[in-house]
Amino acid sequence: SSLFCAMIISGSRPLARVGAISRVLAQSCAGFAAGSGPYNARFQQTMLRIKDPKVSVPFYVDNFGMRLVHWIRFDQWGFTVYFLERQKQDAVSPECSMDATTIDCERYLMTMDGSTLELTHNHGSEGESSFEAWNGNTGRDVGIDSPLYREAPSVRGFGHVAFNCDDVYDACSKLAASGVKFQKKPDEGRMKGLAFALDPDGYWIEIVKRQPLAWPEYYNLSQTMLRVKDGPKSADFYQKHLGMTLLRRLDFSDFSLFFLASVTPDELKSALDQRPESEKAEHGDGFDPNKPNTLTKLLFNQCLELTWNHGTEKDPVFKVHDGNAAPQGFGHIGFLVDDLEPACERMQADGVDFKKKPSDGNMRGIAFAYDPDGYWIELIDRKASFAGVCSNY
């Protein structure tokens, strides 16, 4: 929310618990958390603003098998954030409900290997008839003849999140039976076999077929899509600074897609071992992201999908909408890191710009960097805690 952005990043003092900042960093150690790159980074969250958590949280729990793993309430700033994970079946996490969470839930969140949807609720928005989240897919750049045309923003940014499943048609049948609305059903449009469901705030949820591996999990959270000005530049940024692996590049006549993931060597090897035999024969032990492969449909990990329309890199006035000015919806993506302050110092020395450094504002365990398009990237120290700053634990 705008309050979320302003209060965390500014130097404004909270209305309560003024002396609590010294307790922001917990004494516990992150341990040997999964990560990659120079800062052991792990793609951990996608933040979406919502109208009503009593509607949105059950929607993702009931329809996609997600679990509420933690929530943080800031009464002094007027917002609460809810973290939902699509866990593996054998995952163990502390008990959490809409009524209560604990410091143990926070420790799980800060040291997790999985990724979450962070749903941000501005207190009171559930009662505002005028509240509308920007879903990322309306704007001036779609053309005036499109039903998605709006005067603002001039260029879209965030596009969707996605879940993979074994059978898109079965999944969509179940969703429809539960009253879920669709932007596109599997047999509509030119691209058959994939669908876009709509969440309660109108965010698009792509439903994608994965490789049949007999996983017990009906879904896995698989993508966050962002439109970018210069695909190769952005892909290089996420590989260099955040240790992501480029799994696949798909080039079409006028656009390209880049799929990147936070994967450990063991996770990547496990996915490579599960490839179809024909793919193993073509690629050998390794893989070439520029050649067809099935890695995005073999990994449980969430990917960052970058969509690049060719030619925009040459347009001096082209700029995607980052979601934090009007209209608002998507806010940022986030990564866990081991040691925040030296990581930020090194990133800044390497030319990365920051919205908020670790020492700025009220929150000492987090920072916000800018990617090449100006998207906000939250960097969270695995040792961070909001106990004593938040209102609920």
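A pocket, as I use the word here, is an open set of grid points with protein on both sides within 12 Å along at least five of seven lines. The model I examined is predicted.

**Entry: second largest pocket.** I looked up its volume and found about 570 Å³. Its lining comprises 26 residues, and Arg-42, Lys-88, Glu-267, Phe-300 and Asn-301 lie nearest the centre. Two or more lining residues come from each of strand 1 (42–50) and helix 6 (265–273). Helix 6 gives the largest share, three residues.

**Entry: largest pocket.** Here I found about 1,300 Å³ of space. I noted 39 lining residues, with Met-191, Leu-194, Phe-196, Glu-206 and Leu-257 nearest the centre. Strand 8 (204–209) contributes the most to this lining, five residues. Among the other strands that supply at least two residues are strand 5, strand 9 and strand 12. The classes are 15 nonpolar, 13 polar and eleven charged.

**Entry: strand 9.** I checked burial along residues 219–228: ten of the ten are buried, so strand 9 is largely enclosed by the rest of the structure. Strand 5 (residues 158–165) pairs with strand 9 in the antiparallel sense over seven bridges, and Asn-164 stands opposite Asn-220. Strand 12 (residues 303–309) runs parallel to strand 9, joined by six bridges, with Thr-224 opposite Leu-304.

**Entry: nonpolar cores.** In the largest core, of 67 residues, I list Tyr-60, Phe-64, Ile-207, Tyr-238, Phe-335 and Leu-379 as touching the most other members. Apart from this core lies another of 21 residues, including Ile-72 and Met-363.

Conventions
Residues numbered from 1 in each chain as written. Predicted model: local features only at pLDDT ≥ 70, side-chain atom pairs only at ≥ 80, totals over all residues. Heavy atoms only, no water. Core = buried A, V, L, I, M, F, W, Y, C linked by side-chain atoms within 4.5 Å. Buried < 20%, exposed > 50% of the residue type's maximum accessible area, 1.4 Å probe, protein only. Helix = DSSP H or I, 4+ residues; strand = E, 2+ residues; numbered from the N terminus. Pairing = 2+ DSSP bridges. 1 Å grid on protein atoms, 1.4 Å probe; cavity = no way out; pocket = protein on both sides within 12 Å on 5 of 7 lines; lining within 4 Å. Points joined across faces, edges and corners; volume = space filled by probe spheres on them. Nonpolar A, V, L, I, M, F, W, Y, C, P; charged D, E, K, R; others polar.
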